[in-house]
Amino acid sequence: MNYHSTRHSGGLVDSARAVLEGLAPDGGLYMPEYIPTLNWHATLKRSSMGMSAAILATLLPEIPDMEELVCNAYEGQFETEDLTPTAAVGNFTVLELFRGPTSAFKDVALRMLPQLLTASKKVCGVQEDIMILTATSGDTGKAALAGFRDVPGVRITVFYPDGGVSKVQRAQMVTQEGENVTVSAVRGNFDDAQTGVKNIFAACQGKELPFRLSSANSINIGRLAPQVMYYFKAYKDLLDAGKIYLGDEVNFCVPTGNFGDILAGYLAKQLGLPVGMLICASNANNVLTDFIRTGTYDKRRPLLKTTSPSMDILVSSNLERLLYLLSGCDCELVDALMKDLNQNGCYTVPDRLKVAIGKEFWAGCCDDARAAETIGKIWAEHHYLCDPHTACGWAVAEDYVNQMNDHRPMVVLSTASPYKFPAAVLSAIGGDESGDEFDQMERLSEITGVPIPKNLATLRGKEERHTGVIDKEEMLEFVLGL
Ligand SMILES: *Cc1c(COP(=O)(O)O)cnc(C)c1O
């Protein structure tokens with residue numbers, strides 16, 4: 001199947017090449033020429049891994065042996081065999097995406113990406129090693145390290161801002177085992193680390209290197225496509241529970257940062273799944289809320305630090321894919337809008353595109369105080385513990401139901417374990433948040449009786465293997481010396 005850039009309809013590549021390259025040469029994102037058809041009834045009858053294989057084989061048809069790749073990625077890696085369980089909580093269904101090996105929803109995609117990447121290498125006849133370079137503000141780094149650990153032919157280097165990630169997140173990364181992994185702190189903030197990585201890509205362009213550089217970011221279609229599965233899985237769970245009939249539409253509310261997760265929901269809909277409204281939940285960084293409501297995307301505002309840091313983002317890169325799809329694959333328009341964004345920090349979409357978006361998407365935002373209140377309320381009323389990202393989703397889902405009076409079943413995507421943000425969760429349920437994060441985890445578990453995920457519980461006291469700290473100017477040298 002042919003893929004091309006969202007900004008240019010020429011330059012066709014197949015799906016394996018799209019995964020291997022990550023970003024299109026013109027800076028656009030790869031999209032298939034058309035969305036293929038999938039027998040969605042039959043797909044719903046399968047296990048989570050079976051669904052994943054069917055969906056991935058449809059979207060990435062040039063990559064062979066998908067059943068086997070899916071098995072390699074997921075078998076025995078998640079807390080439950082169905083990978084992404086659901087829980088009925090009050091009037092909503094919570095889709096738990098955090099049951100993977102690092103307790104972040106990014107595990108679903110980052111377990112699969114290494115399999116897709118190595119298979120694509122083979123299809124394209126690429127011999128040299130791939131070096132994955134990633135700057136992380138926390139969750140992506142660990143999920144990528146765990147996913148790429150000891151994968152043959154691939155190496156991975158993760159940079160995180162020194163002092164800029166939580167104690168648990170740091171412990172998760174610096175204790176990472178594996179022969180092909182490197183982790184380093186960088187003096188500076190996340191932007192410094194990210195800019196450093198971009199500079200390395202630029203400096204290495206066209207150079208003879210012992211490896212090929214690539215990224216684990218959600219701009220890669222190979223990271224986006226694995227996320228379609230859990231929309232089907234949630235739908236299947238509602239069917240099995242007798243809450244819907246086959247064909248009934250279900251709404252999904254998604255805590256959103258880079259717009260990858262919610263876009264996967266739109267792809268599920270395009271593949272035939274009866275998805276109703278897709279609700280985009282933001283925290284106080286509400287660029288997307290403004291955009292979906294007004295049609296103007298404006299990043300010219302300060303980035304606020306919140307208790308849901310994975311949603312602290314001003315430029316949501318995967319939104320470009322939505323603009324492409326809902327403009328009727330108008331590459332010229334997308335190219336012009338992205339130029340506006342780069343040059344002026346903002347763009348406004350034509351009215352018909354704004355209307356098209358509004359038919360499929362609704363948006364809302366939730367600040368830290370409301371998120372905390374929501375965590376406390378869900379705990380008090382339903383005895384269900386959720387993290388601040390999920391709480392934003394829940395609060396916005398409630399706003400949607402109240403304002404739009406749409407009572408189709410609602411699935412709220414839960415993107416992190418409450419134990420990844422123990423201080424915020426403890427304070428929200430009225431617990432004492434003294435001590436370090438490990439003390440807080442234990443106290444949270446004592447108060448609530450909810451077990452600490454094993455990968456987090458065993459972190460304390462684990463050997464630290466990657467304790468280096470470098471200046472941002474040293475990052476290129478660091479990578480070339482590996
Ligand atoms: C990455 C992340 C998100 C945002 O997902 P996008 O695909 O970037 O929109 C939300 N919550 C958590 C916990 C995350 O790690």
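Asn2 stands opposite Asp14 in strand E2. This pair belongs to a predicted model, in which local features need pLDDT of at least 70 and side-chain atom pairs count only at pLDDT 80 or more, while totals for chains, interfaces and linings use all residues. Residues are numbered from 1 along each chain as its sequence is written, and side-chain values use heavy atoms, with hydrogens and water left out.

Strand E1, residues 2–5, pairs with E2 in the antiparallel sense over three bridges. Strands here are DSSP runs of E with at least two residues, helices are runs of H or I with at least four, and both are numbered from the N terminus. Two strands count as paired if DSSP finds at least two bridges between them.

E1 and E2 are part of an open, antiparallel sheet of three strands, ordered E2-E1-E3. E2 (8–14) and E3 (30–32) stand at its edges with a single partner strand each, so one side of each has no neighbour in the sheet. On average, neighbouring strands of this sheet are turned by 40° against each other, direction ignored. Helix H13 (residues 319–326) packs on the sheet and touches E1 and E3; its direction makes about 35° with that of E3. Contact means heavy atoms within 4.5 Å. Axes are lines fitted to C-alpha atoms, for helices over the stretch in contact, and angles run from 0 to 180 degrees between N-to-C directions.

A second open sheet has six strands in the order E4-E5-E15-E10-E11-E14, and its pairing is mixed. Its edges are E4 (86–89) and E14 (361–365); each has a single partner strand, so one side of each is left without a neighbour. From one strand to the next, the twist averages 25°. E10 (residues 250–255) and E11 run parallel and are joined by five bridges. Pro255 has Ala281 in E11 as its bridge partner. Helix H10 (residues 229–240) packs on this sheet, touching E4, E5 (92–96), E10, E11 and E15 (410–414), and its direction makes about 135° with that of E10.

The ligand has 14 residues around it, of which Lys106, Gly257, Asn258, Asp261 and Thr415 come nearest. A residue counts as near if one of its heavy atoms lies within 4 Å. The shell consists of four nonpolar, seven polar and three charged residues, with Gly classed as polar.

| Ligand atom | Protein atom | Distance |
|---|---|---|
| oxygen | Lys106, polar side-chain atom | 2.4 Å |
| oxygen | Gly260, polar backbone atom | 3.3 Å |
| oxygen | Asp261, polar backbone atom | 2.9 Å |

Of the 380 Å² of accessible area that the ligand has on its own, the protein covers 95%. These areas come from the Shrake-Rupley method with a 1.4 Å probe.

Asn286 lies in the loop between strand E11 (275–282) and helix H12 (287–294). Apart from neighbours within four places in sequence, Asn286 is in contact with Arg301 and Cys365. Asn286 and Cys365 are 79 residues apart along the chain, and their C-alpha atoms are separated by 6.1 Å.

Technical notes: A polar contact is a pair of N or O atoms within 3.5 Å; within protein, one must be able to donate a hydrogen and the other to accept it, and residues adjacent in sequence count only if both atoms are side-chain atoms.
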